[in-house]
Amino acid sequence: MTGNGLLFIVSGFSGAGKGTIMKELLRRYDNYALSVSATTRKPRPGEVHGKDYFFISREEFEKMIREDALIEYATYAGNYYGTPRKYVEEMMAAGKDVILEIEVQGAQKIKEKMPETERIFVTPPSAEELRRRLTDRGSETEEEIEKRLRRAVEEASYMPLYDFILVNDDLDRAVTELHGLVCTVHDRSVHRQDFNREIKKQLSDMMRGGN
Ligand code: 5GP
């Protein structure tokens, strides 16, 4: 990796408003790259191939797994979801902070491979509000909503593993808070790398000088 781009994971209950937060973050600031995942789920109305997801078949997905073209993947509500490796590596090398909007199992896998990754969990202020948002979205059947709520119960047990809990009760505030967090983490990382480089140089100069 040549650039200073960092990797951030944003997870959260389905219906927590992650997608809306991400869209607003990208609209406001230009230092981000949002990874577009591959999935075997069918597109919702208005979703665009290559923008919201790469909508592919199970065969194509399984081929990507075999070819190691995914950094991580998981199944969610009966479908595959995965992060294509190429884009993430290219963007980080170009110095962009890359955000992966992924569920909890994928987040675990990334953390094992890349422990320095900062993880953020997005949640609505209450369970009742979560159900309301899922229902209001109108894109899932009653059965699908129940499936997602049951999944939320499991996901809640992963929350303590996250570095930061972002309560999404106000879009503007949530976006500002997330951007602030990314900036803090980014600056801390740059400072650590700069300082490390400098102290190593000083030490090697000192040793060469025989002091
Ligand atoms: P949805 O069907 O609502 O778009 O997404 C369902 C879940 O899959 C969400 O929690 C979303 O964050 C997660 N997801 C989306 N893309 C990926 C991915 O590439 N990998 C993993 N592990 N989860 C993903």
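**View 1. Arg-148 in helix α6.** Arg-148 is found in helix α6, which comprises residues 142–156; helices are DSSP runs of H or I with at least four residues, strands are DSSP runs of E with at least two, and both are numbered from the N terminus. The model is predicted: local features need pLDDT of at least 70 and side-chain atom pairs count only at pLDDT 80 or more, whereas totals for chains, interfaces and linings use all residues. Residues are numbered from 1 along each chain as its sequence is written, and side-chain values use heavy atoms, with hydrogens and water left out. With a relative accessible area of 7%, Arg-148 is buried (under 20% relative accessible area; exposed is over 50%, and partly exposed lies in between; 1.4 Å probe, protein chains only).

**View 2. Surroundings of Arg-148.** Leaving aside residues up to four places away in sequence, Arg-148 touches Arg-41, Arg-44 and Arg-137, together with Glu-140, Ser-14, Tyr-76, Tyr-81 and Leu-134. A contact is defined by heavy atoms within 4.5 Å.

**View 3. The open five-strand sheet.** The strand order is β2-β7-β1-β8-β9, with parallel pairing; strands pair if DSSP finds at least two bridges between them. Strands β2 (32–34) and β9 (164–167) form the edges, each pairing on one side only. From one strand to the next, the twist averages 25 degrees. Axes are lines fitted to C-alpha atoms, for helices over the stretch in contact, and angles run from 0 to 180 degrees between N-to-C directions.

**View 4. Pairing of β2 with β7.** Three bridges join β2 to β7 (residues 97–101) in the parallel sense. Within this pairing, Ala-33 stands opposite Val-98 of β7.

**View 5. Helices α1 and α7 on the sheet.** Helix α1 (residues 18–28) packs on the sheet and touches β1 (7–12), β2, β7, β8 (118–123) and β9. The direction of α1 makes about 160 degrees with that of β7. Helix α7 (residues 171–208) lies across β1, β2, β7, β8 and β9, and runs at about 160 degrees to β9.

**View 6. The protein as context for the close-ups.** Seven helices and nine strands are present in the protein, whose C-alpha trace spans about 75 × 40 × 30 Å along its principal axes. Of the 211 residues, 41% are buried. Among contacts with a separation of 6 or more, 69% involve residues 24 or more positions apart.
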